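Please read the following points alongside the coordinates, as a colleague's note on the fold, its cores and a few individual residues.

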Amino acid sequence: MSSAFAAPLLPEFWEREQSKRLAAVIAENALHTARLYGCQFCDIRINWVQKERILAREHRIEELAGSFESGMGIRVLFNGTWGFASSNVLDPKEAAEKTRQAVELAKHCLKFNPRRVELENIPSIQGSWHQKVHVDPFQLPVEEKTSLLLEINDQALKAGAHFCRSYLLFHKELKIYASSLGSWIEQTFLRTYPKFIVTVVDKKEGRFESRASLEAPKSGGMEVVDKKAFLTEVVEATSQAKEKLLAKPVSPGKKDLVIHPTNLWLTIHETIGHSTELDRVMGLEANYAGTSFLKPDQLDKFDFASPIVSIRADRSQPGGLATVGYDDDGLPSSWADFFIIEKGILKNFQMSIGQAHWIGKERSNGCSYAQSYNYFPIQRMPNISLVPSDSNERLEDLISGVEDGIYIIGDGSWSIDQQRYNFQFGGQLFYEIKKGKIGQMLRDVVYQGNTLSFWKSCDGLCGKDEYKLCGTLFCGKGEPSQSAPVSHGAVPARFRNINVLNIHLLS
């Protein structure tokens with residue numbers, strides 16, 4: 001599996017043959033040391049990462065920061081117990097020493113480990129995968145990137161915004177993976193995140209409203225940033241922020257909702273993405289980010305959602321933040337192509353290696369990721385998306401079937417309990433729906449419910465023409481906490497009889 005990488009990644013490192021040889025020697029020293037200590041399994045990840053962050057506020061650049069980091073993380077399995085050690089010193093002797101430390105840690109943890117790790121049959125892979133990139137932002141003049149942000153801000157201020165913040169984030173990475181099974185994998189990634197937030201102020205009333213850009217981070221280079229679209233959107237966002245100041249407060253009650261993908265992606269992420277992680281289901285995240293209301297014996301028979309709802313995992317969508325050739329267990333992305341929910345029925349949990357036997361499965365499904373070289377790989381989401389309807393239903397068709405409801409655009413504040421069951425979600429823009437027509441803007445809206453009743457109330461989905469990919473670079477999980485990039489595709493969807501609250505009446 002491979003793809004063209006138009007702009008070379010970290011050329012100052014990887015184009016030098018001696019650097020490739022060094023990486024090979026580092027990996028072999030780690031794997032050889034693990035064999036000497038009698039480890040059942042060992043793998044090593046060697047990472048080189050470049051990052052850039054540019055932040056603009058009104059007419060000035062407030063932050064221009066870049067970083068480069070490199071290092072290795074070594075994982076060993078000794079007597080059914082994991083050990084891990086890492087270093088930012090890329091040296092063969094350091095690799096051997098860190099492997100020894102990982103073994104010692106595994107030995108120390110043996111007495112605290114009541115559940116021995118049983119690895120499934122893991123393939124040996126020699127492969128490479130490279131993110132498609134047409135315009136490498138790290139090779140663009142910094143003036144070109146700063147001028148874009150200042151132009152966005154200037155457009156907002158001219159349109160009547162009182163404040164505008166905009167930023168660009170770039171993450172570029174080369175990752176080498178090697179294992180004691182004989183795997184050797186090279187991958188390159190580039191992720192780009194453009195964003196703005198406009199704010200308008202009613203000085204007389206002492207109130208303010210904001211509206212953030214709706215475009216999500218994506219895998220790819222500067223080509224994912226549509227300058228013309230951003231300049232158009234920031235003017236529209238300023239107008240909508242002004243309108244929010246005058247919007248009518250929502251009247252709480254049961255209402256039908258039509259939810260745009262820019263809002264629904266987050267609901268998918270929190271209610272379905274996290275609840276179907278097998279480590280949560282088994283209680284392993286209880287101390288930090290919570291468990292799940294689901295049970296391990298519910299696959300293939302549990303009614304999770306309406307029969308029109310199917311949720312699919314993948315690591316192959318163009319632009320997907322979790323799109324890779326291989327996960328951090330060294331498994332091919334094809335293993336991560338599966339239904340989580342199919343026609344309303346729970347079909348699969350997300351797993352990393354060593355978890356499949358918990359539920360009687362023969363293999364993992366490619367759901368492992370580590371934030372950087374110095375983090376232990378844990379189970380993390382692939383791209384998880386709502387499958388569009390086979391019909392060609394449009395947004396206006398969903399709205400026409402609503403007598404009294406609300407159309408919701410953009411993500412906002414959210415809250416969900418420790419079992420990913422009871423929740424509350426806000427948004428950015430809310431419009432009244434009356435007798436099948438979009439009406440005036442509303443404010444102070446949040447919708448509330450539980451995961452099962454919400455997804456079972458879904459009775460309308462748009463077709464593939466209205467599919468949109470959204471997501472986040474910063475999904476948090478684990479102790480120590482790690483961030484992971486993940487995308488969620490969705491289409492506009494309709495939900496019946498959902499509890500809507502007025503957030504100001506709550507206080």
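Helices here are DSSP runs of H or I with at least four residues, strands are runs of E with at least two, and both are numbered from the N terminus.

1. With that convention in mind, Ser-453 belongs to helix H9, which covers residues 451-456. The model is a predicted one, and in it Ser-453 has a relative accessible area of 39%, so this residue counts as partly exposed. Although Ser-453 and Tyr-421 are 32 residues apart along the chain, their C-alpha atoms are separated by 9.7 Å.

2. On the overall fold, the chain contains ten helices and 26 strands. Its C-alpha trace spans about 70 × 55 × 40 Å along the principal axes.

3. As for burial and surface, 58% of the 507 residues in the chain are buried. The chain exposes about 20,600 Å², of which 50% is supplied by carbon and sulfur atoms. The charged side chains comprise 59 positive and 61 negative ones, and the centres of these two sets lie 2 Å apart.

4. The interior deserves a separate look, because in soluble globular proteins nonpolar side chains tend to be buried together. The largest nonpolar core has 68 residues, and those that touch the most other members are Leu-264, Phe-304, Leu-386, Ile-406, Tyr-447, Trp-455 and Phe-495. Helix H6, residues 261-273, gives the most to this core, contributing five residues. Apart from this core lies another one of 24 residues, among them Trp-48, Met-72, Ile-74 and Leu-174.

5. Which residues does Trp-455 contact, leaving aside its neighbours within four places in sequence? The contacts of Trp-455 are Leu-264, Ile-268, Thr-271 and Ile-272, together with Phe-304, Ala-305, Ser-306, Val-309 and Phe-495.

6. Is Thr-238 buried or exposed? Its relative accessible area is 0%, and Thr-238 is therefore buried, the cut-off for that class being under 20%. Thr-238 sits in helix H5, which runs over residues 227-246. When residues up to four places away in sequence are not counted, Thr-238 touches Ala-156, Ala-159, Gly-160 and Ala-161, as well as Val-198 and Val-200.

7. The peptide bond from Glu-479 to Pro-480 is cis, with omega near -5°, and Pro-480 lies in the loop between strand S24 (468-477) and strand S25 (482-490).

8. A positive phi is found at Lys-343, with a value of about 50°, although this residue is not a glycine. Lys-343 is in the loop between strand S12 (338-342) and strand S13 (345-346), and with a relative accessibility of 59% it counts as exposed, because exposed means over 50%. Asn-497, which is not a glycine, has a positive phi of about 60°, and its place is in strand S26, residues 493-502.

Terms used:
Residues numbered from 1 in each chain as written. Predicted model: local features only at pLDDT ≥ 70, side-chain atom pairs only at ≥ 80, totals over all residues. Heavy atoms only, no water. Buried < 20%, exposed > 50% of the residue type's maximum accessible area, 1.4 Å probe, protein only. Areas by Shrake-Rupley, 256 points an atom, 1.4 Å probe, with all protein chains shown as cover. Lys, Arg positive; Asp, Glu negative; His and termini not counted. Charge placed at Lys NZ, Arg CZ, Asp CG, Glu CD. Core = buried A, V, L, I, M, F, W, Y, C linked by side-chain atoms within 4.5 Å. Contact = heavy atoms within 4.5 Å.
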